Amino acid sequence: MPAVSRVLVVGGGAAGLVAATTLRKRGVEVDIVEINDHLRPLGSGLTMMGPTLRALHTADEEALAACIAQGAGHDRMIFGDAEGNVLEDLTLPKAAGADLPAGFGIMRPLFWGLLAETAERHGASIELATTVEEITQHDDSVEVLLTNGDRRRYELVVGADGLHSKVRALVFPDAPEPYYSGQTVWRAVVPLPPEGIDYVSMYYGPRLKAGLNPVSDSQAYVFCVENALRRPRPPQEQWPELIQEALSDFSGLIGWARQQMTDPELIDCHPPQILLLDDPWYRGRVLLIGDAAHSTTPHLAMGAGIAIEDAVVLGEVIESEPTLEQALKRFMERRYERARLVVRNSEQLGDWEQDPTVPASEHARLTDESMAALAQPI
Ligand SMILES: Cc1cc2nc3c(=O)[nH]c(=O)nc-3n(C[C@H](O)[C@H](O)[C@H](O)COP(=O)(O)OP(=O)(O)OC[C@H]3O[C@@H](n4cnc5c(N)ncnc54)[C@H](O)[C@@H]3O)c2cc1C
């Protein structure tokens, strides 16, 4: 018997949709409320590392297969210089099994759509353009007032409503505010290069590093992290010029891709914010997961990964533990240290990028150590 039988998930992003799937698979009734009137967020590509594939595989094998089929799998990572010369060609470990790729890239709207289809296939209900207005805790239930006027009771409310979580504001009013990392992340969707690529890549220039990752059989995205906080964000019509300038030291593959970056609609300018809530991420019958509890910079490409892992572990502890209190305690034992590692080590890598005295070997050491720790079972 699962520790709860009726759950409200607030937020239809990666964390909320996968949590709905893992809970439904254990027979728990799940409603999702999503503030937007659609589940197709804007945005460019996402890259999923081995631990993320493994978590998705545990959540739903069919969903992972669809993501790989509609995205682009990869088994290798190339490191190169600003001219595009390959300095190292790494075969990546296959964390999710020998018959699956080591990682994959996919366009964000497509990924969210596939996760939503999966949650619905397992019987979760998704109510769009709806959110929570009030949350009142009782000993045996939690009462919510929704913006559509409904007043309902659940045994657990999961706040999976992202960085600016309303659930966090309602239930954790003393939580710290997210803060800017000092850098700006640029992403641009480009056609897959004519020669085709089946690897993810990172090229080191004199001012910044940039990578190109495939996300489908016809598209890739280029990313770079600029050591400047573009806040407020510059007007979107300036984005092609600004990203092209940031990448002007590169020739080779990135140089080719730079010439494709002419449409501001295909470019994303994002100054990431950092947040790590202290343990525990629950109060009474309300739990925060995903970016609502921990938001990271992209240096380890694991933000969605740890959000999805939260969702997988939530399903497991709700099944394995006899009471909700024990389930939430066990959840924190399994989740806090991994999330802390991703948030703090990503932040450290970003800080080092802004300090030219830190040698590249230090970046490589911390990245390798982090990836080795994240390869451990969750
Ligand atoms: C530019 C960029 C690139 C990234 N690249 C990667 C990558 O390559 N790999 C990776 O692993 N991670 C990446 N990340 C991080 C990743 O996107 C996040 O960590 C992940 O989306 C977190 O999932 P989530 O479900 O917790 O939150 P979100 O994805 O933010 O989802 C929250 C959901 O809740 C909804 N919501 C918000 N407020 C409310 C409310 N009050 N009521 C109801 N619903 C609400 C939102 O509309 C949204 O649907 C990237 C992030 C950014 C910004």
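## Getting started

Helices (H or I, at least four residues) and strands (E, at least two) are DSSP runs, numbered from the N terminus. One place to begin is helix H4, which is followed by Gly-123, a residue with a positive phi near 100°.

The model is predicted: local features need pLDDT of at least 70, side-chain atom pairs count only at pLDDT 80 or more, and totals for chains, interfaces and linings use all residues. Residue numbers start from 1 along each chain, following the sequence as written.

## Helix H4

H4 covers residues 108-121.

Which residues of H4 are buried? They are Arg-108, Phe-111, Trp-112, Leu-114, Leu-115, Ala-116, Thr-118 and Ala-119. Here, buried means that 20 or more other C-beta atoms, placed from the backbone, lie within 10 Å of the residue's own. Their cover includes H1, strand S2 (29-33), S3, helix H3 (61-70), strand S7 (103-107) and strand S8 (125-127).

## Two domains

The protein is divided into domain 1 (6-37 + 128-179 + 274-374) and domain 2 (181-270); the bounds come from an automatic or database domain assignment. Their C-alpha centres lie 29 Å apart.

Where the domains touch, 7 residues of domain 1 are in contact with 6 residues of domain 2 (contact means C-beta atoms, placed from the backbone, within 7 Å). On the domain 1 side, helix H9 (residues 324-353) brings the largest share, 3 residues.

## The nonpolar core

A nonpolar core is a set of buried Ala, Val, Leu, Ile, Met, Phe, Trp, Tyr and Cys residues joined through C-beta atoms within 7 Å. The largest one has 111 residues, and Ala-19, Val-157, Ile-289 and Ile-308 have the most contacts inside it. H8 gives the most to this core, with 10 residues, and each of domain 1 and domain 2 supplies at least three.

Leaving aside neighbours within four places in sequence, Ala-19 is in contact with Val-9, Val-158, Ala-160, Ile-289, Ala-311 and Leu-314.

## Around the ligand

There are 32 residues around the ligand, and Gly-11, Gly-13, Gly-162, Gly-290 and Gly-303 come nearest (a residue is near if its C-beta atom, placed from the backbone, lies within 6 Å). Helix H8 (303-320) is one of the elements that supply at least two residues of this shell; with 4 residues, H8 has the largest share. Both domain 1 and domain 2 provide at least three residues of the shell.

Conventions:
A residue is buried if 20 or more other C-beta atoms lie within 10 Å of its own, exposed if 12 or fewer, and partly exposed in between; C-beta atoms are placed from the backbone. Two residues are in contact if their C-beta atoms, placed from the backbone, lie within 7 Å. The expected span of a helix is 1.5 Å times one less than its number of residues.
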